Structure formats: C-alpha cells, structure tokens
Amino acid sequence: MRAPKIAALLGVLVSLAVAAPAMAEQEPLAAQKWSFSGIFGTFDRASAQRGFLVYQNVCSNCHSLKQGYYRNLEGIGLTEEQIKGFAAQKSAATIGDDGQPATRPATPSDHFVSPFPNEKAARAGNNGALPPDLSVITKAREGGADYIFALMTGYADPPPDVKMGDGMNYNKAFLGHQIAMPRPLQDDGVDYTDGTKATTEQEARDVVTFLEYMSNPEMEQRKRTGVKVVLFLVLLTGVTYAVKRQVWSDVH
Amino acid sequence: MAGLHKSDVKNPVLNWIDTRLPLITMVQKEYGVFPTPRNFNYFWAFGALAMVQLMVMIATGIFLAMNYTPHVAMAFDSVERIMRDVNFGWLLRYAHSNGASMFFLIVYIHIFRGLYYGSYKAPRELLWILGVVIMLLMMATAFMGYVLPWGQMSYWGATVITNLFSAIPLVGSDIVTLLLGGFSVDNPTLNRFFSLHYLLPFVIIGVVFLHVVALHITGSNNPLGIDVKTPQDTLPFHPYYTVKDSVGICAFFVVYACFVFFAPDFFGNADNWIPANPLQTPAEIVPEWYLLPFYAILRAVPSKLGGVLMMFGAIAVLFVVPWLDTSPVRSAKFRPLYRWFFLLHIIACIVLGMVGAHKPEGIWVLLGRLGTAYYFLHFLVIMPLLGKLERPLPLPESISVPVIRRGGGPLPTGAAAKPMEKV
C-alpha cells in the first residue's frame, strides 16, 4: 500500500512545481498583518473608526457603499447616539407629502447614501469611469484586503517607457498599471483625532480594516461561533469513536 | 401479494400501524439487521455521508429560498440581504455554498472508492449506473445554483455552459434559445434556473432511493471484493455500521465547519462578488473546482463540437465501466498492475482539475491534452486489456478469515483451512 501513496504525493508535488511559474505571472502581493485574520481575528476598533473617517472624507465622494447600513457602525464601536447624529447629516431620498421626490434626514436603519443617483451620473462625474460599489470590495478582488492595501499604496510616477492614457494614473498593484482613480490617500490627507500619524500607509491600513468590516459585518460572530462549533464537534467525534470502539470490541 | 403483514412489533399501536403499513419492519430489515460485510474501512462511510450532506443542502436551501429573489435586478442584493439582515443568514448561505463543495468532495471520494474496489462489477452494474446518474444530476443542480447569486461568474458561467449546446449541428442554437428563454442569459434564464435548482434535488432523492434499493438487493461490496459466503462474514448494520458511519459523519463535520466558519470563501471566486454585468466579460471564466477536470477536457480539443463531445463522453464512459473492465477480480487490492494505473488515473484527474483553473496557454495546453488522453485511455484501453493480461493475486477464501486473523482473535473451527497469501 505504501508505494502508491508515495507516488501519489510525488505526482501532486510535480504538478504543483509545474504550476508555480505560471502562477507567478503577476507581481505577488505583500501579505499584510491584519487584526481580522486568523480564526480568533477581530476588527481593531480604533483602526476601523479611523478607516471610517478616511472613507467618509475621501472614498465616499465617489464610491457608494449601498449594502451597508448606518447601524452597522455599531460593529466598529460607535454609539447609538453617534450613529444617529451621523446619519442625520445625510439626506435620504423619499417621496414628499405632495407626491414629489424629496429628501429627509437619514436614520440608522438606512443604507449608506450613495454619492451619485445612478451609474450614468457616476460616470459623468468621473471622466467616464465607474467607481465600484465598496460594499463587498475586499471579497470582490483577488487578494482581498492585501490587494486593496497594495492598490491604495501603489501609486507612483509612471516609468519613462510607459505611455499613460488620458486622465489615467500609474499604480503598481492595478492590472495593466493604469487606473482611472486618482491617488486618493496622501500623507496627512485626513485629520486623525486620536494622535495617530496619518501616513498614506496608515490611512490605507485603516480604510481597508473598515472596508473589510463592511464586507463581513458578521465575521466576529462567525468566528466566535465557529470556535465553539468546532470544539464541540471534535469532542463529539471523540465520544462517537469511543462508542464505536466499545461496540466493535467483540468483533475485532 | 395482498394481505396484512405479520408484525413483530410489541407496542400495540405501532403493531397496528406496522400490520397495515410495515414501515417499521422495513427499516428494521434494511437498516437494523441488514447483513453487512464485516470488513468495511472508513471509505465506506462516504455513502452515508453523501446522504447526510444531501439533507443538509436541502434543509439550508429551503430556508435560503424563503429569502431569495430570483430577479436580475434584485438577486445579488437579496443574497447580500441574506448575508447581512436575515438571522443567521450568513450561516445558511455559507453552509449551502461550501456544502456544495463538500458534497462533491464526498461523492468523488465515494466514486473513486467504487472504482478502486470494483464496486461496479456484476452484479452491481445498475447500482453503479444509478450513481453516475446522481452525479450528473448533481452537476446540473450545482451549475444552476451557482447562477442564482447573479455575480459576474454566475452570469458568464451560465453563458459559457449554455452555449456548449450550440455546438450541436442544425438544432444547436435553437436548443440554446430554449434553455435560456431568450437570446442571451437574462431574467427568464434566472427564473427557470431557480425553479430547476429547487426541483432537481428532489429528483436526486428519487434516484438515491433507487440507488439504495439496488444496493440492498445486491448487498454491499467490501474491501476484499469477494462475495459474502457465510453469516460469519457479515454484521448487522445496526449498531456496527450506524456507529462507524457516525464517526465518519462527525469527523467530516469538523472539516466542513472549519470551512464554513473560518474560510467561507475558500472555494469561491472573487469575481462572483461583483454583480453580473452583461457588458463586461471577466478576464477568466472558470467554473467551480468540482467541474474543472471536465472543463479542462472541453478545452483540450481545438474544436467546439469535439470538445463538447469529449466532455460529455468523459461522463458517458462511466456508464459503461462495468463492461469495460474485463478482470474477474473486483478489488484492486489483488490487482498488482491495475493499482498503478488507478493511481495514474487519480493523478490525471487532479492534473486536469489544475489545467481547468488556468488559461489554456503554455504548458497547460500540453498537460490538458495528456490528462485527457490518459483519462480516456484508462477506461477504453487499459481497463479492457489489463483484465485479460494481468495475473491477480490469490483471493482470500472468505471475508471472515482475514478479518479474524488480523485481529488476532481465535479462529473459528474449520474457517481457516487454507493459509492466506495476501491480506
């Protein structure tokens, strides 16, 4: 029995070795250390709140976050009063008593208000490019949080041999290196109130933490439940195996 | 034969029912005392596992359907609503999407187990064929389920797969129009896929029932591949295999839970978190991992019709495996040469799976063709020839002899007349 197993392993290894060069086509992403990775990972509340500030001051001018609710902000540590106050500054679309389109102050149960009423308006305001919705952005890109971080920090001057398209920006992480979005994050581009130094990298780290939270608001509950479920199942497997040994003791 | 059933059930109420509708007797006969070979290894738990997983998929699916909206403008958002607003909706959805991967993993292991131990050979041909039918139905169900979240890969996967049928000469494009309910993937496609995705699992239950009935007529195969001869060769299904299968089920749920809770997007594709956009084709259109080997076979042939025929042929060939294998010995344990070819076949399938995940360029084209060639060679040439050429090892006399030997227990008198050469 042993020889076929070893051969199987070899077969898999050989095919992996063949696969490796083909996978390396694109520049590999640098793996970042995130508070939310691992089976015990949680969202760093302070970082997520700073990231919300970045989103609010920078991203939300062009990008929607339409699956998110203002009440989701409780998950990054904002109080109910803070959320109410914040939502009230936004105006949600409604139909007035006269039957005409109107606006009203948003409430915590409202979805995040989008910056543009529709896709055409978004394109018209962005040189023809459509800023993607950010609701599940860290799940919707290969590489996830690491990729978004690389994109936020990947702006650079184009190499001399690269001819840039009209209104395009050079970015090391973006496929094809030409992206319509101008560099969003600058050093000290946001005023952090907690004393953290607002470097581009710090802002990127914070906003990615916030967006990862908005993509997976259930993550902490999911992982906490998972630890309990897996522990229980391991125990159950052990007990069942003991019963099996007992039942089979007269056979073997 | 008409007439009341003579029930052994003690409880008078249950006896009254069992006399008129002998369900209790049936369960007792088929799952209680059912004589089962005593030498199963844990690979035999995968049948029960598949059954459990089918139930999990149907249970989670029913609750997902209560919250899902099959409309092109609302499907993606309704799935996000399930993830964010429905109580434990994320659990339902992740259990269902990862459950599909688990279901295929189980069924593929179940199939390879059958191939290794010759479970398809007489008299179990029909049992095997019903199994292949189940696999086909599962593929159709999984494909249509993948379309429902209406992400980019849902949309473009549906476009690619339905267009396969346009390769059929003369009527191809008409068939595609019928499948889609229009001239491109759109709302009618989503509606009918949702309807069929809900229907097919119940068709699967029907075929699974036939699969189990056929199994209980022929009896199970076993790792030695030899027939059950005496009652000593068997054990009652309960409690021996109910408890052994339970161990397998618990262990499997540990793996399943790890994916659902800690890596729910492991099998997923990032592009499917982008809402479907008919005007923008993703850089690469790839199916879910469990269809990749077949996708690789499809692309191994530089002809649309040829590729489609090869892909369907890869499944069709499974139907005739019982007649392609000419060896009189069931279990590969006693087939010294076949074991190596079997191993090669597993490697070919894994390589094909990897080829399916990559763009068909460079080394992948060659690997895809080699894998495809071996896949068919294995079934169509090696299986028929090897059965005639190979000298199998001597078979054990009965199931109970090696089992008792291995355990070191006392030999029953008269059961060990001849020494064993291979256990």
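## Report on a predicted two-chain model

The secondary structure of chain A comprises 7 helices and 4 strands. This is a predicted model, in which local features need pLDDT of at least 70 and side-chain atom pairs count only at pLDDT 80 or more, while totals for chains, interfaces and linings use all residues. Residues are numbered from 1 along each chain as its sequence is written, and chains are lettered from A and ligands numbered from 1 in the order in which they are written.

**Chain A**

Read from the N terminus, the elements of chain A follow the order α-α-α-β-β-α-α-β-β-α-α. Helices (H or I, at least four residues) and strands (E, at least two) are DSSP runs, numbered from the N terminus. Chain A has 252 residues, of which 26% count as buried. A residue is buried if 20 or more other C-beta atoms lie within 10 Å of its own, exposed if 12 or fewer, and partly exposed in between, with C-beta atoms placed from the backbone. Among the contacts in chain A with a separation of 6 or more, 58% are between residues 24 or more positions apart. Two residues are in contact if their C-beta atoms, placed from the backbone, lie within 7 Å.

Two residues of chain A call for a remark on their backbone. Most residues other than glycine have a negative phi, and most peptide bonds are trans. A:Asn127, which is not a glycine, has a positive phi of about 60°. A:Asn127 is placed in the loop between α4 (119-124) and α5 (144-152) of chain A, and A:Asn127 counts as exposed because it has 12 C-beta neighbours inside 10 Å. A:His177 also is a residue other than glycine with a positive phi, near 65°.

## Report on a predicted two-chain model

The secondary structure of chain A comprises 7 helices and 4 strands. Helices (H or I, at least four residues) and strands (E, at least two) are DSSP runs, numbered from the N terminus. This is a predicted model, in which local features need pLDDT of at least 70 and side-chain atom pairs count only at pLDDT 80 or more, while totals for chains, interfaces and linings use all residues. Residues are numbered from 1 along each chain as its sequence is written, and chains are lettered from A and ligands numbered from 1 in the order in which they are written.

**Chain A**

Read from the N terminus, the elements of chain A follow the order α-α-α-β-β-α-α-β-β-α-α. Chain A has 252 residues, of which 26% count as buried. A residue is buried if 20 or more other C-beta atoms lie within 10 Å of its own, exposed if 12 or fewer, and partly exposed in between, with C-beta atoms placed from the backbone. Among the contacts in chain A with a separation of 6 or more, 58% are between residues 24 or more positions apart. Two residues are in contact if their C-beta atoms, placed from the backbone, lie within 7 Å.

**The contact between the chains**

The contact takes 37 residues from chain A and 36 residues from chain B. On the chain B side, the elements that give two or more residues are α4 (75-84), α10 (237-262), α14 (338-356) and α15 (363-389). The most, 14 residues, come from α10(B). By type, the residues of chain B that touch chain A comprise 26 nonpolar, 4 polar and 6 charged. Here Ala, Val, Leu, Ile, Met, Phe, Trp, Tyr, Cys and Pro count as nonpolar, Asp, Glu, Lys and Arg as charged, and the others, Gly among them, as polar.

B:Arg339 lies in helix α14 of chain B. It counts as partly exposed because it has 17 C-beta neighbours inside 10 Å. From C-alpha to C-alpha, B:Arg339 is 31 Å from B:Ala140, and the two are 199 residues apart in sequence.

**Helix packing**

Two packed helices are described by the angle between their axes and the distance between the axes. Axes are lines fitted to C-alpha atoms, for helices over the stretch in contact, and angles run from 0 to 180 degrees between N-to-C directions.

Within chain B, α6(B) and α9(B) pack at an angle of about 160°, with their axes 8 Å apart. α6(B) is therefore roughly antiparallel to α9(B). Angles under 35 degrees count as roughly parallel, over 145 as roughly antiparallel, 65 to 115 as roughly perpendicular and the rest as oblique. The crossing of α6(B) and α9(B) is left-handed, that is, the near helix is turned anticlockwise from the far one by less than a right angle (right-handed if clockwise). Their contact is made up of 22 nonpolar, 6 polar and no charged residues.

Between the chains, helix α7 (residues 219-248) of chain A and α10(B) have axes that come within 9 Å and cross at roughly 165°. α7(A) and α10(B) are therefore roughly antiparallel to each other. Their crossing is left-handed, and the residues of their contact divide into 21 nonpolar, 5 polar and 4 charged.

**Nonpolar cores**

A nonpolar core is a set of buried Ala, Val, Leu, Ile, Met, Phe, Trp, Tyr and Cys residues joined through C-beta atoms within 7 Å. The largest has 58 residues, and those with the most contacts inside it include B:Phe103, B:Trp150 and B:Tyr256. The largest share of this core, 12 residues, belongs to α5(B). A second, separate core of 40 residues includes A:Ala145, A:Phe149, A:Phe210 and B:Ala270. Leaving aside residues up to four places away in sequence, B:Phe103 touches B:Gln53, B:Met57 and B:Met138.

**Backbone features**

Most residues other than glycine have a negative phi, and most peptide bonds are trans.

| Item | Feature and value |
|---|---|
| A:Asn127 | positive phi of about 60° |
| A:His177 | positive phi near 65° |
| B:Ala122 to B:Pro123 | cis, omega near 5° |
| B:His238 to B:Pro239 | cis, omega about 5° |

A:Asn127 is in the loop between α4 (119-124) and α5 (144-152) of chain A, and A:Asn127 counts as exposed because it has 12 C-beta neighbours inside 10 Å. B:Pro123 is found in the loop between α5 and α6 of chain B, whereas B:Pro239 is in helix α10 of chain B.
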